[in-house]
Amino acid sequence: MEWYVRAAVSGWRISCGLVVTGLAVAACGGSGGSSNSGSTPSGKFPVVAQASFPTSQRLAQHTHLVIDIRNAGSKPIPNIAVTIVNPSAGTAAEAFGTLLPTSQPGQPVLASRSRPAWVVTRPPGPCGYSCKNSGPGAAVTAYSNTWALGKLPPGHTAHFDWGVTAVQSGTYMVKYEVAAGVDGKARAVTTDGSGPVVGSFRVNITRTPRQAYVNNDGQIVYTNKGNKP
């Protein structure tokens with residue numbers, strides 16, 4: 001595991017990205033609920049965020065990107081949200097994804113260059129009908145690669161947990177950005193108010209899948225290292 005601390009890099013914007021492994025700490029805030037948009041109060045809302053994601057993974061391995069965001073201010077956060085972005089491609093790539101190279105002259109033009117490095121198997125937020133049927137889940141929003149858990153009272157913490165499965169080997173950077181609302185008016189900032197709340201992970205996915213078998217007790221036993229599903 002590795003630790004990353006990121007304070008300010010970019011303000012709230014609608015963007016998308018990729019996930020990486022490790023452990024990150026930044027300033028943010030959080031709680032429960034789900035919402036897409038609507039008018040929200042303007043202003044800055046101090047938060048503290050702590051995030052974790054394994055930095056070393058294998059193909060077909062199931063892991064979790066977890067981000068806990070605490071409201072460190074005295075006012076309720078209108079709609080705590082997180083956007084997962086690719087640091088180099090922004091929202092041009094899907095969340096937990098990357099971009100294929102631009103088509104060269106004479107080659108077929110791709111309808112979309114975005115390809116997943118991880119597949120989201122369990123989105124954050126309450127797992128209702130959509131989630132249980134491989135849908136985007138209750139916390140999904142109309143904004144690119146963005147999930148929201150609703151209003152967050154002072155002192156409360158929002159728990160974002162993405163269950164993901166690695167589907168492409170390689171080394172990837174995953175960045176997350178925290179917002180206090182999805183319309184850009186309410187901004188999540190560090191506790192000293194110096195900047196936005198962001199963090200990133202650098203993750204290496206190896207090509208060799210994990211080996212496993214079922215023992216006599218009906219338990220799954222793994223013969224090489226890695227996180228349990």
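On the screen there is an open sheet of 5 strands in the order S4-S14-S12-S6-S10, with mixed pairing. Two strands count as paired if DSSP finds at least two bridges between them. Strands themselves are DSSP runs (E, at least two residues), and helices are runs of H or I with at least four residues, numbered from the N terminus.

Before I go on, a word on the source. This is a predicted model, in which local features need pLDDT of at least 70 and side-chain atom pairs count only at pLDDT 80 or more, while totals for chains, interfaces and linings use all residues. Residues are numbered from 1 along each chain as its sequence is written, and side-chain values use heavy atoms, with hydrogens and water left out.

S4 and S14 run parallel and are joined by 3 bridges. Glutamine 57 has isoleucine 205 in S14 as its bridge partner. As background, strands of a sheet pair through backbone hydrogen bonds, either parallel or antiparallel.

S14 also holds glycine 199. Glycine 199 is buried, at a relative accessible area of 2%. Here buried means under 20% relative accessible area, exposed means over 50%, and partly exposed is in between, with a 1.4 Å probe and protein chains only.

Now the aromatic rings. How many aromatic pairs does a search of the whole structure find? The count is 7. Rings of Phe, Tyr and Trp (its six-membered ring) pair if their centres lie within 6.5 Å; planes under 30 degrees apart are stacked, over 60 edge-to-face, and the rest tilted. One of the pairs is phenylalanine 53 with phenylalanine 201, edge-to-face, with 6.1 Å centre to centre and 70° between the planes. This pair links distant parts of the chain: phenylalanine 53 is in strand S3 (residues 43-53) and phenylalanine 201 in strand S14 (residues 198-206), 148 residues apart. Phenylalanine 53 is buried at 0% relative accessible area, and phenylalanine 201 is buried at 2%.

Another pair is phenylalanine 160 with tryptophan 162, which is stacked, at 5.8 Å centre to centre and 20° between the planes. Both phenylalanine 160 and tryptophan 162 are buried. There is also one aromatic cluster made of Phe53, Trp118, Tyr172, Tyr176 and Phe201.

Next, the core. A nonpolar core is a set of buried Ala, Val, Leu, Ile, Met, Phe, Trp, Tyr and Cys residues joined through side-chain atoms within 4.5 Å. The largest one has 37 residues, and Ile67, Ile84, Trp118, Phe160 and Trp162 touch the most other members. Among the elements that give two or more residues to this core are S3, strand S5 (62-71), strand S11 (157-166) and strand S12 (170-179).

Some polar side chains are buried too. Threonine 83 is in strand S6 (residues 77-85) and is buried at 0% relative accessibility. Its side chain makes a polar contact of 2.6 Å with the side chain of threonine 146. A polar contact is a pair of N or O atoms within 3.5 Å; within protein, one must be able to donate a hydrogen and the other to accept it, and residues adjacent in sequence count only if both atoms are side-chain atoms.

Histidine 62, in strand S5, is buried at 19%. A polar atom of the histidine 62 side chain lies 3.2 Å from the backbone oxygen of valine 164. The histidine 62 side chain also has a polar contact of 3.2 Å with the side chain of threonine 165.

Last, the loops. Alanine 60 is not a glycine, yet has a positive phi of about 75°. Alanine 60 sits in the loop between S4 and S5. Is alanine 60 buried or exposed? At 59% relative accessibility, alanine 60 is exposed. Phenylalanine 96 also has a positive phi, of about 65°. Phenylalanine 96 is in the loop between S6 and strand S7 (97-99), and is buried at 0%.
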